[in-house]
Each structure stands twice: as C-alpha cells, then as structure tokens.
Amino acid sequence: MRASEELDTRRREKPLGPAGDRIAPVFASLVPLADAELEAMRQSGALVVGEITNPLPNAKTFHFPDDSFAIVIYSGLVDFYQYVCNTLMASSIMHSDGAVTSAALSMNDVIANLKQLFQAWTPDGLVLDRIPPISLAPLPPQYAEMTALLNKMALSFVLSHEFGHVRYYKPPRGANPPPRSPCSRKSSLIRPAAKACSSPPARKAAVLRA
C-alpha cells in the first residue's frame, strides 16, 4: 500500500542510524492495538508506523489516496526525548530498593539544564553543541534501563496521539479533494499542535493534525 511504499522510500533516501528503527519496539509493545479498527488496519497493512531520519523533533501522520496511513516519528524527536529522560534521571541517584541516596543535580540545576535543552531546539533540528553535557552523559546500567523505560512511555504517548489522527480523521468533502501539504508540527509534549495549513501537495498525501 502507498503508506508502506512511502515509508520505505524515505528510508532509502535517508537510511536510519546504527540503532535502526527505535520506534519499532515501542509500537510492538502496543500490539495488538486496543482499538479494533486500528488493529484491523495494522494487520491489513493500511497502517504503518516507523522512524525516519530527520533531525527535527517532530511526528506526522500521512493519509494516502488508497486510504492507508503512515505514522512517522522523526529521529530528532526520539533523540530529544532521550536527552530529556537522561536529564531527569541524572537529577537523582537511587538504590535498588528505591530509596534516594543523593541528588546528582539540584532542582534548580535540573530546570536550568532542561531550559538549555529546549533552547537547543531550532527550526533546523537540535544543535548538538547547545545540549547540556548532563543530557549526553552515559548512565550506569540500572539507571539507563529506567531511562529507556521513561523514554518508551513518552514515545508511546506520541504514538497514541497519532493514532487519534488516524482513528478520527474525516476526509475533506468533495469527490476528489486536493490533499493538504506537509506542515511542520512540533510534538504535543512541547506545545499544542497549530492549525493545519494548505498549499500544493508534495507527495499526494494529506498530513493529519490536531
């Protein structure tokens, strides 16, 4: 179907990094999908989900003329969430029994680092030399595992948001309405989605937005 073809095309144009599709295990953890209609679409191939290489922290849902849907999560968004989760986890160190021993960062330091991280987000993607060192520092294995879980929960939320676009999308009225063009939309974790904009289509697919 067109959605799967489009996702494959984008990945051929810009191959994924060494970690591969980091959204795949998140999506797999939600399967079978709780909504019967979405699950039927997934099984039929009318709904595909995946990561694409793009430095912007963004996520989009495309609707194609054959009524298939592609949910694409930009690599920049996966990276951004990882940096946020690293910063939050680095704010305290805990024993295996859950008791806090000592804070690696004060609350003010955590806020300052998160603010700096958000300021690293530009229209062209994340500026790596603006990312605070704590967001990039490796964590001990036990904390890295917790960070990965926190990141997975954040990305699951993003997927759930995009599922809503698919589930409740209503095609424009008219026999052959012109599809809307791709419009940049920041993740809902950062700010509410703006209204959709219209211009001549680039890939003959409508981009669904809140």
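**Entry: starting point.** I noted that this is a predicted model. I recalled that side chains of opposite charge can pair when their charged atoms come close. I looked up the count of salt bridges and found seven.

**Entry: Arg10 and Glu6.** I found these two side chains joined in a salt bridge, at 2.8 Å from N to O. Both sit in helix α1, four residues apart, so about one helical turn separates them. Is Glu6 buried or exposed? Glu6 is buried, because its relative accessible area is 9% and the cut-off is under 20%. Arg10 also counts as buried, at 17%.

**Entry: Glu39 and Arg42.** I looked at helix α3, residues 36-44, which holds both residues. They are three residues apart, about one turn of the helix. Glu39 is buried at 9% relative accessibility. Arg42 is partly exposed at 25%.

**Entry: Glu51 and Arg22.** I found a salt bridge here too, at 2.7 Å from N to O. Glu51 lies in strand β1 and Arg22 in the loop between α1 and α2, so the pair ties together parts 29 residues apart in sequence. Glu51 is buried, at 2%. Arg22 is partly exposed, at 27%. I then saw that Asp79 joins Arg22 and Glu51 in a network of salt bridges.

**Entry: the patch.** Which residues form the negative surface patch? I listed Glu5, Asp8, Asp66 and Asp67. Asp8 is in helix α1, residues 2-13. Asp8 counts as partly exposed, at 37% relative accessibility.

Conventions:
Residues numbered from 1 in each chain as written. Predicted model: local features only at pLDDT ≥ 70, side-chain atom pairs only at ≥ 80, totals over all residues. Heavy atoms only, no water. Patch = residues over 30% accessible without salt bridge, like charges linked within 9 Å, V, L, I, M, F, W, Y side chains within 5 Å. Areas by Shrake-Rupley, 256 points an atom, 1.4 Å probe, with all protein chains shown as cover. Salt bridge = Lys/Arg side-chain N within 4 Å of Asp/Glu carboxyl O. Lys, Arg positive; Asp, Glu negative; His and termini not counted. Charge placed at Lys NZ, Arg CZ, Asp CG, Glu CD. Helix = DSSP H or I, 4+ residues; strand = E, 2+ residues; numbered from the N terminus. Buried < 20%, exposed > 50% of the residue type's maximum accessible area, 1.4 Å probe, protein only.
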